[in-house]
Amino acid sequence: MTHLRSHPNKERRPAAPRPALAVLPTDHLEEVGAWGRVTSSLSYVYRPATAEALHEVLLLARRSGRTVGLRGGGNSYGDAAMNSEQVVVDLRRMNRILDWNPETGVIRLEPGVTLSELWQYVLEDGWWPPVATGTSFTTMGGSAAMNVHGKNAYKAGPIGDHILEFDLMLPSGETITCSREANSDVFHAAIGGFGMLGIFTSLTLKMKRIYSGLLDVETCARANLDEMFAYFDEHTGHSDYCVGWIDSLAGGKALGQGDVHRANYLPEGADPIAAQTLRLENQHLGPNLFGVVPRSIIWLFMRPMLSNVGVRFVNFGKHLLGSVGGVKRYRQPHAQFHFLLDYVPDFKRAYGPGGLIQYQPFIPKETAGDAFGDILTLCRRRGLPNYLTVLKRHKPDDFLMTYAVDGFSLAMDFRVTSENRQRMVWLTREMDEIVLDAGGRFYFAKDSTLRPEVARAYLGDETIARFRELKRRCDPDDLLQTDLWRRVFQEGWN
């Protein structure tokens, strides 16, 4: 491995022009889409299984005059893992565990290892991933590229806070090792750098020690957004996880009503049958709901409910059940608490052929309450309420292209149809203004609508200039590109 060296005084040569597009084998031509199913395009997809094969794909793309986009589990809601009419490298076959130390909890793995594969590998040794997304099908390379977070973001930070080092293949084929000590600038920019500086070929992470396969969970209903924030303020200091589920259709005094779930790890000795609860068979969701209905078809029954009337009925019932009996406490397996999006496989199909987008702003705690109230009210006024709304607490981090703030995020899923598509564009632009006025930021893993001027407004010219300089160092020919990169960082820039 070599270290990447900067030559600030050396005149940088312009990127070499790409050759004319050459024909690539049509058997690699596939439809590649956003996870939310709003957009898709044809790309030349390659699935290398080794670093050597990955380098060959880079050479092939360079010879053919095409750019290369990276794709992990394909769970980005928008176009972050798309590279229309160009080359897409699907890294899921690079999925080996390279080293595991059950004494220290340090693991080294390839980028295609999924979160599901990771937790199943370490669980029975008494460890759990320090950050878990709402689905277990994200890859660790994709998670690092987007610097994902979980329901414990306010305490554990994003996944990057738990990455000790990584090997990064540059578009030239050179591999560099990056950590907080070596190539620190690349380390802090490639994590959260959405695949624009290089390709992770291995990552070393520290797992979280656990003493039970169960979590202590508490749920309760909150009457409005003020009560939601008050609950977070009161409980996050002594909770390992905390998340709110908001009824976006409620208005007036009930604006922001919903349920809150929080959870804590069990201390050592608190679980008398820890050896049993840590076994894999006691974690899985199982193929059927209630032991009867196959999970694979539940989305069919959800589709009629994904309307203003249907969601209003479901939210009312959910909030009513949450209100009856007050606070509820129980123990729940880790996998069942974390991976709620996996309860209904392909639930995105319930949104219909137009798909969905997610809009997730991150707003400082001082302005979050008013901003989120304004956003929820605006959505109702425009007749475009979102059907799944999740509130989380966050803390700042040290990564260059960070979305995090000392505050809150509100993740909102919007159904897209041919009739409302343009109205959704206008709505997101109105919400952008509310977010920017409140000092907020955005998350590339979820984004479908961010514009260059909005990125410039929240990231700042200095941050963007630093990232562009690192890209010139790591990728002088601009080989690594995606639809997101072109949309946000190439279009509209002078």
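Which side chain does D406 meet in a salt bridge? The partner is R393, at 3.1 Å from N to O.

## About the model

This is a predicted model, in which local features need pLDDT of at least 70 and side-chain atom pairs count only at pLDDT 80 or more, while totals for chains, interfaces and linings use all residues. Residues are numbered from 1 along each chain as its sequence is written, and side-chain values use heavy atoms, with hydrogens and water left out.

## The D406 pair

Let's stay with that pair. D406 sits in the loop between β20 (388-394) and β21 (407-415), and R393 in strand β20, so the two are 13 residues apart and link distant parts of the chain. Helices (H or I, at least four residues) and strands (E, at least two) are DSSP runs, numbered from the N terminus.

D406 counts as partly exposed at 33% relative accessibility, whereas R393 counts as buried at 13%. Here buried means under 20% relative accessible area, exposed means over 50%, and partly exposed lies in between (1.4 Å probe, protein chains only).

The structure holds 26 salt bridges, each a side-chain nitrogen of Lys or Arg within 4 Å of a carboxyl oxygen of Asp or Glu. One of them joins E30 to R47, with the closest N and O atoms 2.9 Å apart. E30 lies in strand β1 (residues 29-33) and R47 in the loop between β2 (40-46) and α1 (51-64), so this pair ties together parts that are 17 residues apart in sequence. E30 is partly exposed at 26% relative accessibility, and R47 is partly exposed at 34%. Both residues also belong to a network of salt bridges with D90 and R92.

E281 and R279 form another bridge, at 2.5 Å from N to O. E281 is partly exposed with a relative accessible area of 47%, and R279 is partly exposed at 35%.

## A negative patch

Helices α6 (225-235) and α11 (365-381) each supply at least two residues of the patch. D370 has its place in helix α11 and is exposed, with a relative accessible area of 62%.
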